[in-house]
Amino acid sequence: MPNVTEEHVAELADLFRLLGDTTRMRIVLRCVKEPVSVSDIAASLDISQSLVSHHLRLLKSARVVTADRQGKQVFYVASDHHILRMLSNMLEHIEEDSQ
């Protein structure tokens, strides 16, 4: 593990706080497999597009998701392998505890 500074601790806490919201976590998990539009996320999670957009702005500013504009639509996807690996590891951890 790399040297952990107080700044790193604060950033990690902020990231986990951001991902601690169930709606945001559901949005991130929806963006893991493929790029997905705001309207598709809203429909699949049964929440408003404005709420999805609000959460995506927060997730994008934390570099959890990235956006790709294609014409009038914007598609969101988990930003990189670090996010994918973290989610995968945490899901494995949860499954271990429940067995």
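Biologist: What handedness does the crossing of helix 3 and helix 4 have?

Modeller: Helix 3 passes helix 4 in a right-handed crossing. Right-handed means the near helix is turned clockwise from the far one by less than a right angle. Helices are DSSP runs of H or I, at least four residues, numbered from the N terminus. This is a predicted model: local features need pLDDT of at least 70, side-chain atom pairs count only at pLDDT 80 or more, and totals for chains, interfaces and linings use all residues. Residues are numbered from 1 along each chain as its sequence is written, and side-chain values use heavy atoms, without hydrogens or water.

Biologist: Which residues of helix 3 and helix 4 meet?

Modeller: Val-38, Ser-39, Ile-41 and Ala-42 in helix 3 meet Gln-49, Val-52, Ser-53 and Leu-56 in helix 4. Contact means heavy atoms within 4.5 Å.

Biologist: New topic. What volume does the second largest pocket have?

Modeller: About 190 Å³. A pocket is an open set of points on a 1 Å grid over the protein atoms alone, where a 1.4 Å probe fits, with protein on both sides within 12 Å along at least five of seven lines. Volume is the space filled by probe spheres set on the points, which are joined across faces, edges and corners.

Biologist: Which helix gives the largest share of its lining?

Modeller: Helix 5, with 5 residues. Lining residues have an atom within 4 Å of a point.

Biologist: And the largest pocket: how much space lies in it?

Modeller: About 740 Å³. Helix 1 gives the most to its lining, 6 residues.

Note on methods: Helix = DSSP H or I, 4+ residues; strand = E, 2+ residues; numbered from the N terminus.
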